[in-house]
Amino acid sequence: MKRFDSGSLIPGSNWRAEAESEAEVVRKAVENLKAYHGETEVRPEMVERIKERIVDVDSSTRH
């Protein structure tokens, strides 16, 4: 399982995405940026910043 905590990129944010693959986590994060933060275009640099912050989690660390 992979997880991205948006607070690791955007201070004060508590949104998170979890999925089996990194690609699915990135897709969810980009969708969130567009839907809730008004981003119309998510640049490759932002995608890379998201990828850098994705961590592996196992069932004992999930919330």
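Helix H1, which spans residues 22-37, packs against helix H2, residues 44-52, at an angle of about 125°, and the axes of the two helices lie 10 Å apart. The structure described here is a predicted model. Since the oblique class takes in angles that are neither roughly parallel, roughly perpendicular nor, at over 145 degrees, roughly antiparallel, H1 and H2 are therefore oblique to each other. The crossing in which H1 passes H2 is right-handed. On the H1 side the contact is formed by Glu 22, Val 26, Ala 29, Val 30 and Leu 33, while H2 contributes Met 46, Val 47, Ile 50 and Lys 51. Sorted by class, the residues of this contact between H1 and H2 comprise seven that are nonpolar and two that are charged, with no polar residue.

Two further residues of H1 were examined individually. Lys 28 is placed in helix H1 and, with a relative accessibility of 28%, counts as partly exposed. When residues up to four places away in sequence are set aside, Lys 28 touches Trp 15, Ala 17, Glu 18 and Ala 19. Beyond the residues up to four places away in sequence, Asn 32 touches Trp 15 and His 37. Ser 21, eleven residues from Asn 32 in sequence, is 17 Å away from Asn 32 in space, C-alpha to C-alpha.

Strand E1, residues 2-5, includes Arg 3, and Phe 4 also lies in this strand. Arg 3 has a relative accessibility of 10% and therefore counts as buried, the limit for that class being under 20%. The side chain of Arg 3 is joined to that of Asp 5 by a polar contact of 3.2 Å. Phe 4, at 3% relative accessibility, counts as buried as well. Leaving aside neighbours within four places in sequence, Phe 4 is in contact with Leu 9, Trp 15, Arg 16, Ala 17, Val 25, Ala 29, Ile 50, Arg 53 and Ile 54. Among these partners of Phe 4 are Ala 29 and Ile 50, which also take part in the contact of H1 with H2, Ala 29 from H1 and Ile 50 from H2. Phe 4 and Lys 28 are separated by 24 residues in sequence and by 9.5 Å in space, taken between C-alpha atoms.

The segment before E1 contains Met 1, which at 26% relative accessibility counts as partly exposed. Between Met 1 and Lys 28, which are 27 residues apart along the chain, the C-alpha separation is 14 Å.

The loop that runs between E1 and strand E2 (16-19) holds Ser 6, a residue that is buried, with a relative accessible area of 4%. A polar contact of 2.5 Å links the side chain of Ser 6 to that of Ser 13. With neighbours within four places in sequence left out, Ser 6 is in contact with Ser 13, Asn 14 and Trp 15.

Note on methods:
Residues numbered from 1 in each chain as written. Predicted model: local features only at pLDDT ≥ 70, side-chain atom pairs only at ≥ 80, totals over all residues. Heavy atoms only, no water. Axes fitted to C-alpha atoms, helices over the stretch in contact; angles between N-to-C directions. Helix = DSSP H or I, 4+ residues; strand = E, 2+ residues; numbered from the N terminus. Parallel < 35°, antiparallel > 145°, perpendicular 65-115°, else oblique. Left-handed = near helix turned anticlockwise from the far one by under 90°. Contact = heavy atoms within 4.5 Å. Nonpolar A, V, L, I, M, F, W, Y, C, P; charged D, E, K, R; others polar. Buried < 20%, exposed > 50% of the residue type's maximum accessible area, 1.4 Å probe, protein only. Polar contact = N/O pair within 3.5 Å; in protein donor to acceptor, adjacent residues only side chain to side chain.
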